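Keep it open beside you and follow along strand by strand.

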Amino acid sequence: MNDNETTDHEKSTSLVPASGDGHDRLPASLIAGDDQFENPGLPAHVHRAADDDPAAAKRAERQVATLFGLSMLATLVFLVSYFAIPDEATFFFPGIGMAKTQNVVLGLSLGFAIFLIGIGAVHWAKTLMSDEEIIEERHEQASTPEQRAKAVAVVAEGVDSTQLPRRPLLKYSLGGALGLFALPLGLQVVGSLGPVNIDELGHTIWDPKDNDGKPIRLMRDPEMTPIRFDEVTNGSVFHVMPETLQKYIDEGKHVLEARAKAAVILIRLDPDLIKVQKAKDWGVDGALAYSKICTHVGCAVGLYEQQTHHLLCPCHQSTFDLTEDCAVIFGPARRPLPQLKITVDDAGYLVATQGFQEPVGPSYWERAR
Ligand code: FES
């Protein structure tokens with residue numbers, strides 16, 4: 001097809017200015033007939049200051065350029081801060097607390113840089129770019145039979161030029177090489193499906209083996225101070241970590257990994273409300289400790305509804321009933337939160353005498369059993 005030829009497709013996709021209500025500018029199919037509604041058309045085009053006044057257009061151009069210039073400045077701030085601000089520098093950020101200076105400056109400068117480009121582009125579009133509305137008519141999506149035949153011919157010609165049909169040795173050796181090459185990829189997928197090391201997934205630093213076999217005290221998170229049983233009043237909620245975490249904090253190694261699986265929520269309610277005997281036995285006079293890691297995909301279940309005794313995961317609204325041994329009563333989680341068995345030591349502090357008896361966290365760990 002040469003440049004002068006016009007296909008049906010092109011004829012039907014010509015853009016028609018639709019400003020005003022002139023029917024002469026609309027496709028005939030849209031103009032009112034006996035059995036059609038009248039086409040209301042588009043509102044008349046309202047000219048903007050920059051459309052008619054060169055001074056206003058120049059002013060808008062300068063405004064857009066200023067926004068882009070400010071964006072450049074913000075990017076330079078980012079680049080300089082990356083090297084100039086020491087990694088350990090911190091400052092007090094109102095409403096958040098202590099924050100790393102470099103993180104805040106990098107985040108803000110990059111945010112402003114992209115924001116300024118965005119509002120510059122929007123201002124440019126609103127003041128200078130054409131705002132005349134146009135209609136693009138619908139058209140057949142399919143190519144014409146001639147175009148399709150031509151495409152098939154081009155592909156056939158390409159295959160022929162490789163000489164593959166005439167050279168079976170090349171064809172089969174290439175097929176073999178590509179076929180084998182797919183195997184390592186498949187192998188990695190299959191290999192990573194298992195077996196799952198349940199013991200490793202099930203182990204948390206609540207295991208007394210991590211504390212020379214001694215019971216592990218429940219500590220307030222993040223203060224890391226021990227919790228006396230008489231401080232846990234009815235209705236109170238504590239966010240808890242094991243005292244074994246302190247060793248990881250002191251050494252500064254694997255702290256996040258240790259914390260991630262060990263988070264526990266401690267709540268006390270009227271023991272008569274607890275319907276499951278095991279849950280009652282593993283607590284202390286209504287004080288119950290459960291893993292805080294949602295069994296759906298691992299968010300922190302940190303919201304406690306005191307009236308209903310429900311624990312709520314804010315990520316996808318899984319809801320666990322504390323009176324039913326944290327059974328799931330709503331949401332996508334598929335199994336209860338694991339309970340941590342607790343008691344009171346001679347000094348009156350709450351301690352865990354054994355680790356979790358099942359893996360904490362998402363259910364796919366459980367499915368591997
Ligand atoms: S992670 Fe808790 S509901 Fe999805």
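Let's start where strand 7 (residues 264–268) meets strand 8 (residues 287–291): the two run antiparallel and are joined by five bridges. Strands here are DSSP runs of E at least two residues long, helices are runs of H or I of at least four, and both are numbered from the N terminus. Two strands count as paired if DSSP finds at least two bridges between them. Look at Ile-267, and you'll find it standing opposite Leu-288 in strand 8.

Before going further, keep in mind that this is a predicted model: local features need pLDDT of at least 70, side-chain atom pairs count only at pLDDT 80 or more, and totals for chains, interfaces and linings use all residues. Residue numbers start from 1 along each chain as its sequence is written.

Strand 7 also pairs with strand 6, again in the antiparallel sense, over four bridges. Ile-267 turns up here too, as the bridge partner of Val-237. Moving on, strand 6 (residues 237–242) is joined by three bridges to strand 5 (residues 216–220), and these two run antiparallel. In that pair, Leu-218 stands opposite Pro-242.

Now zoom out. These strands belong to an open sheet of seven, in the order 13-8-7-6-5-15-14, with antiparallel pairing. Strand 13 (339–340) and strand 14 (342–344) stand at the edges with a single partner strand each, so one side of each has no neighbour in the sheet. As a rule, side chains in a regular strand alternate between the two faces of the sheet.

There's another open sheet to find, this one of four strands in the order 9-10-11-12, with antiparallel pairing. Its edge strands are strand 9 (303–305) and strand 12 (327–330), each of which pairs on one side only. From one strand to the next, the twist averages 35°, an angle (from 0 to 180 degrees) between N-to-C directions of lines fitted to C-alpha atoms. Strand 11 and strand 12 run antiparallel and are joined by three bridges, with Phe-320 opposite Val-328.

In the loop between strand 10 (310–312) and strand 11 (319–321) sits Gln-317. Is Gln-317 buried or partly exposed? It counts as partly exposed, because it has 13 C-beta neighbours inside 10 Å; buried takes 20 or more other C-beta atoms within 10 Å and exposed means 12 or fewer, with C-beta atoms placed from the backbone. Beyond its neighbours within four places in sequence, Gln-317 is in contact (C-beta atoms, placed from the backbone, within 7 Å) with Leu-312, Phe-330 and Gly-331. The C-alpha atoms of Gln-317 and Phe-330 are 7.4 Å apart, though 13 residues separate the two along the chain.

Next up is a hairpin. Strand 2 (residues 90–93) and strand 3 (residues 97–100) run antiparallel, joined by four bridges, and Phe-92 has Met-98 as its bridge partner. Three residues lie between the strands, and Gly-95 takes a positive phi near 90° in this hairpin.

Just after helix 5, Gln-163 takes a positive phi of about 65°.

Finally, how confident is the predictor? The chain averages a pLDDT (confidence in each residue, from 0 to 100) of 85, and 86% of the residues score at least 70. Over residues 1–24, however, the pLDDT is below 50. Where pLDDT is low, predicted coordinates should not be read in detail.

Definitions and conventions:
Contact = placed C-beta atoms within 7 Å. pLDDT = per-residue confidence, 0-100.
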